[in-house]
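Work through the exercises below with the sequence and the structure open beside you. Try each task before reading its solution.

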Amino acid sequence: MTRQANLYGRVFIECEIETKTGLHIGGAESSLAIGGVDNVIIRDPLSGRPYVPGSSLKGKMRSQMEKFHGLPQNRRIGRDVYIHVCDNAGEYAGCAVCHVYGVPGEMDFSTSTRLVVRDVQLTEESVAKLDAAKTDLPFSEVKWEAAIDRVTSAATPRQMERVPAGAVFGPTELVYSIYEPADVGRFANVVEGMQLLEDDYLGGSGSRGSGKVAFRNIRVYARARGAYRKERVFRKEPFESLSELAGQMDALLIWLAKDGVPVSGKEG
């Protein structure tokens, strides 16, 4: 069977990510020498600044969507790490996760992954504020925690490096590709995944207070086949919050189907 990818267009979500509590996304162990901190954050190797990997955003969104829809964790991708992957074409056709976030290429029913999530750097404004704040380490704070032995009640202190609350990363970009008419409706799953992430946490130590984030200054635009050079903006003013965008989802899907990324592949 000959496979054919038929790209009708792409939808772009451009936004900022504000940390509401300290954010810890772990870095490589080779960085342990920096300040002697036990649990370091990931940093850009050129600038030394913290950043949010697109894989962290996309992976958290996928995990939350799998839980929200009660999907079985049936594929191992690492030590003690499992995700959901549809077992057959019938299951895949109605899945809220696998079309958007992808399935392994060796699956005979797989199609192109719809969602791409970019890495996102600190805004220059946040870089300046953190630099002026004289934080414990460059652009980060050190949070002391204690691991309690449940039998002896002995406390073992440990350090956690975090990007302080109030820091802003951006702009980040989520790119959603439309390959078939049903993908227009599936775009709502992207925003739903962002909402689930916002209500949970990003990175590590979320159950101990870290990782609460909020999406803000959200801009949605599209490029359609036949007029790909022409950017079509859903609304001139950015959405201040994710809840404001979600409230316009019905109108947004209608716009995508008729004006933004028409399913005919022609300019609307």
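**Exercise 1. The helix α1**

Solution. The model is a predicted one.
Step 1. Look at what comes after the helix: α1 is followed by G70, which has a positive phi near 60 degrees.

**Exercise 2. The helix α5**

Task: Compare the reach of α5 with its expected span, and list its buried residues.

Solution. 
Step 1. Helix α5 runs over residues 182-199 and has 18 residues.
Step 2. From first C-alpha to last, α5 reaches 27 Å, close to the 26 Å expected at 1.5 Å a residue.
Step 3. The buried residues of α5 are D183, V184, R186, F187, N189, V190, V191, G193, M194, L196, L197 and E198.
Step 4. When reading such a list, keep in mind that an α-helix has 3.6 residues a turn, so residues three or four places apart point the same way.

**Exercise 3. Salt bridges**

Task: Find the salt-bridge partners of E14, E16 and E141, and say where each partner lies in the chain.

Solution. 
Step 1. The structure has 18 salt bridges. A pair qualifies if a side-chain nitrogen of Lys or Arg is within 4 Å of a carboxyl oxygen of Asp or Glu.
Step 2. E14 meets R219 in a salt bridge, with 4.0 Å from N to O. This pair links distant parts of the chain: E14 is in strand β1 (residues 9-19) and R219 in strand β10 (residues 213-224), 205 residues apart.
Step 3. Classify both ends. E14 is partly exposed because its relative accessible area is 27%, and R219 is partly exposed because its relative accessibility is 24%.
Step 4. E16 forms a salt bridge with R216, and their closest N and O atoms are 2.9 Å apart. Here too distant parts of the chain are linked, with E16 in strand β1 and R216 in strand β10, 200 residues apart.
Step 5. Buried means under 20% relative accessible area. E16 has 18%, so E16 is buried; R216 has 26%, so R216 is partly exposed.
Step 6. The partner of E141 is R162, at 2.9 Å from N to O. R162 belongs to strand β8 (residues 155-162) and E141 to strand β7 (residues 141-148), 21 residues apart. With 12% relative accessibility, R162 is buried.
Step 7. Look for shared partners: E14, R219, R223 and E231 are joined by salt bridges into one network.

**Exercise 4. The largest cavity**

Task: Which residues line the largest cavity, and how do they divide by class?

Solution. 
Step 1. One cavity of 30 Å³ or more is counted. The space in the largest cavity is about 40 Å³.
Step 2. Its lining consists of L23, I25, I41, I42, P50, Y51, V52, V163 and F169.
Step 3. Sorted by class, the lining holds nine nonpolar, no polar and no charged residues.

**Exercise 5. Aromatic rings**

Task: Describe the aromatic pair of Y92 and F109.

Solution. 
Step 1. There are five aromatic pairs in the structure. In the pair of Y92 and F109 the centres are 5.3 Å apart and the planes form an angle of 50 degrees, and the pair is tilted.
Step 2. Y92 lies in helix α2 (residues 89-93), F109 in the loop between α3 (98-101) and β5 (115-117), 17 residues apart.
Step 3. Y92 and F109 are both buried.
Step 4. A separate entry for the list: F234, F239 and W255 form one aromatic cluster.

**Exercise 6. Backbone angles**

Task: What is the phi of K134, and what is the phi of N217?

Solution. 
Step 1. K134 is not a glycine, yet its phi is positive, about 55 degrees. K134 sits in the loop between α4 (124-132) and β7 and is exposed, at 70% relative accessibility.
Step 2. N217, also a residue other than glycine, has a positive phi near 50 degrees. N217 lies in strand β10 and is partly exposed, at 40%.
Step 3. Now the peptide bond between G170 and P171: this bond is cis, with omega about -5 degrees. P171 is in strand β9 (residues 168-178).

Technical notes
Residues numbered from 1 in each chain as written. Predicted model: local features only at pLDDT ≥ 70, side-chain atom pairs only at ≥ 80, totals over all residues. Heavy atoms only, no water. Helix = DSSP H or I, 4+ residues; strand = E, 2+ residues; numbered from the N terminus. Buried < 20%, exposed > 50% of the residue type's maximum accessible area, 1.4 Å probe, protein only. 1 Å grid on protein atoms, 1.4 Å probe; cavity = no way out; pocket = protein on both sides within 12 Å on 5 of 7 lines; lining within 4 Å. Points joined across faces, edges and corners; volume = space filled by probe spheres on them. Nonpolar A, V, L, I, M, F, W, Y, C, P; charged D, E, K, R; others polar. Phe/Tyr/Trp six-rings, centres within 6.5 Å; stacked < 30°, edge-to-face > 60°. Expected span 1.5 Å × (residues − 1).
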